[in-house]
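This report covers selected features of one protein chain. The sequence and structure are shown first, and the notes follow by topic.

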Amino acid sequence: MSTKPTTTDLEWTELDQRAVDTVRVLAMDSVQKVGNGHPGTAMSLAPAAYTLFQKVMRHDPADADWTGRDRFVLSAGHSSLTLYIQLYLAGFGLELDDLKAFRTWGSKTPGHPEYGHTVGVETTTGPLGQGVANAVGMAMAARYERGLFDPDTATGESPFDHHIYAIAGDGCLQEGISAEASSMAGHQKLGNLILLWDDNHISIEGDTETAISEDTMKRYEAYGWHVQRVEPKENGDLDPAALYAAIQEAKAVTDRPSFIAMRSIIAWPAPHAQNTEAAHGSALGDEEVAATKRVLGFDPEQSFEVSAEVLAHTREALDRGREAKATWEKGFAAWRTQQPERAAEFDRIAAGELPAGWEEKLPVFEAGKGVATRAASGKVLQALGAVIPELWGGSADLAGSNNTTIDKTSSFLPADNPLPEANPYGRTIHYGIREHSMAAEMNGIALHGNTRIYGGTFLVFSDYMRNAVRLSALMHLPVTYVWTHDSVGLGEDGPTHQPVEHVASLRAIPGLNVVRPADANETAIAWREILRRYTKVFGKGAPHGLALTRQGVPTYEPNEDAAKGGYVLFEAEGGKPEVVLIGTGSEVQLAVEAREQLQAAGVPTRVVSMPSVEWFDEQEQGYRDSVLPPSVKARVAVEAGIGLTWHRFVGDAGRIVSLEHFGASADGKVLFREFGFTAEAVAAAARAVLDSLNGIATAQR
């Protein structure tokens, strides 16, 4: 077969074209074998994906986590075969049997790409649009990383310069999250980001004219992106030469993100299925698969046909990757020699270690003083910011309320931004009023590596973020959400801003650790524990959500056991505890005051502060029993939200002081009184439990 290039700008041979057509055959056969999936987009995108993986991107299939690599995000995750087949052809570790096992139990090729499950998959993309925001976050992280390690080298000459490539479909760009993220990328002038739009005009319900008529390219121009259109060949197929030229032009634009619109025909060149909604999410059928193979010059009687010549050709990506990495390593070695202090920082950060003595910088708050936990969190961040340069973050336009400004003199903004604190490598991120994309961008930042990220908003707006938070947990990413104004205690803003169901709802997400500290010292210990728990090892990291008060709360003496999620804050006096009061967040003070009333009445009472149910559940049974003795059935839990969390802790005999309805607009203290969040109410619940248990005991006698 000829290997003579067919274009002057791109080395594209007949063997390359055969490889692209092989991709289409594998996409059809993989879906046909399992009986479900999304073949059409993988078929039409074959030239684009192949061009990226074989002709454009800097990567080493033998070292998928290489620091110097370009990143690829398939935002249109339903077309997972677009990625899997390229990983197979390039030699990332997938083999033909993995494609044959597509979407089946235990396979490396699940229905949507999953980070940590399949080598070469940079992020878990399922819900549409999340990947666009992930890619924006990666581009932000790449710029911040460069500022940490090599801020002065000319653009394109640093070992930390690389590109983020993403493919998005019509559905991705219709989701609001992509609009938020794309606006952010344009504002930040992320010249290292290149987004390819698969403009195939088809979604599940048919032609996209049913739902959308805007000029997407003008929209991206308005965002401040560099925009190009790649026209297809006369036969309707994507033109790799035109796409390659557009990518090269995009790479040369360093002051803006780039948007490349690729007009494609879904399921091309299937004779009857192309350009139909059925090809989006259904197997083509045996007859259509056979007919398409004939069009492409493949044997319709064979399945998963890959010639040795094609595979040998595409696996040359391993040789190119090895050479690219070796070249990069020479530059990296030179950088290490020239900048030994920054190289030492890189080694520490890449190893997931924190600077020596960082814990000594944590503030300790005076007992007895009233401090809002959001304010305590802000003091912790400012203290740690001075010694942990990789820690950065901000807020969705609520920094003054969330107390998330780590450095008031340094804002992550492009150099030509008019604000005096603007710094392309700044510490404080201004996410704007974009909670949807903020969370997904944080995921992208964490996935990129070499930084530690946090982001804040009001707890009630965590609903906007929920899908991305769920994906944080699914990917085990060490991101930290700072959610303030955590109950009706925030006051006059009223029920639209007062979280009621949110804490319990967030606790329901597997793998998310929710931390609702009782006071300033618990807040500092919580931050310390969150940073300690960071790890680069997949499967052991976890996202954390801090739920913090607007209002001041009493400060208690610090107790290291707060890091265990639950501990004895005040022990019973005058004998073994007859009742245990469990509090969290701002309601711990109510349990403390109720204890005083009960003790005065001769009832030995223990107060347990439980800032994190998830951390407590991790402890050995012996420790948990020492905090909540099984013999003590009289238990009361108090939290200013729905009581869903607490039934398993109080048992059938216990009671929960909770809020099972929305709030109201009034001062927070008034609301606590009117809604029954008082020490008297907690003490009364304890007496009722004791009376009930005593009545049962008397009846049993």
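The description rests on a predicted model. Leu193, Leu195, Trp197 and Asp199 point one way from S3, while Ile194, Leu196 and Asp198 point the other way; all are buried.

S3 (residues 193-199) pairs in the parallel sense with strand S7 (residues 258-263) over six bridges. Within that pairing, Trp197 has Ala261 of S7 as its bridge partner, and Asp199 stands opposite Arg263 of S7. Strand S2 (residues 164-169) also runs parallel to S3 and is joined to it by six bridges. Here Ala168 stands opposite Trp197 of S3.

## The parallel sheet

These pairings belong to an open sheet of five strands in the order S1-S2-S3-S7-S6, with parallel pairing. Strand S1 (71-74) and strand S6 (226-230) stand at the edges; each has a single partner strand, so one side of each is left without a neighbour in the sheet. On average, neighbouring strands of this sheet are turned by 15° against each other, direction ignored.

Another open sheet of five strands has the order S18-S20-S19-S21-S22, and its pairing is mixed. Its edge strands are S18 (567-570) and S22 (655-657), each of which pairs on one side only. Neighbouring strands in this sheet are turned by 30° against each other on average, direction ignored.

Strand S19 (residues 579-583) pairs with strand S21 (residues 635-638) in the parallel sense, over four bridges. Ile582 has Ala637 of S21 as its bridge partner. Helix H22 (residues 588-600) packs on the sheet and touches S18, S19, S20 (605-609) and S21. The direction of H22 makes about 175° with that of S20.

## The largest pocket

The largest pocket holds about 780 Å³ of space. Its lining is made up of 35 residues, and those that lie nearest its centre are Arg146, Thr155, Gly156, Asp161 and Thr254. Helix H6 (130-149) and helix H14 (316-338) are the elements that give two or more residues to this lining.

H14 gives the most to the lining, with six residues. By residue class, the lining of the largest pocket divides into eleven nonpolar, 14 polar and ten charged residues.

## Helices H14 and H15

H14 also packs against helix H15 (residues 340-350): the two axes come within 5 Å and cross at roughly 115°. On the H14 side, the contact is made by Phe332, Trp335, Arg336, Thr337 and Gln338. H15 contributes Pro340, Arg342, Ala343, Phe346 and Asp347. The residues of this contact divide into five nonpolar, two polar and three charged.

## Val306 in the H12-H13 loop

Val306 lies in the loop between helix H12 (286-296) and helix H13 (308-314). Not counting residues up to four places away in sequence, Val306 touches Thr22, Leu26, Tyr88, Leu96 and Leu311. Pro113 is 193 residues from Val306 in sequence and 23 Å from it in space, C-alpha to C-alpha.

Notes
Residues numbered from 1 in each chain as written. Predicted model: local features only at pLDDT ≥ 70, side-chain atom pairs only at ≥ 80, totals over all residues. Heavy atoms only, no water. 1 Å grid on protein atoms, 1.4 Å probe; cavity = no way out; pocket = protein on both sides within 12 Å on 5 of 7 lines; lining within 4 Å. Points joined across faces, edges and corners; volume = space filled by probe spheres on them. Nonpolar A, V, L, I, M, F, W, Y, C, P; charged D, E, K, R; others polar. Pairing = 2+ DSSP bridges. Axes fitted to C-alpha atoms, helices over the stretch in contact; angles between N-to-C directions. Buried < 20%, exposed > 50% of the residue type's maximum accessible area, 1.4 Å probe, protein only. Contact = heavy atoms within 4.5 Å.
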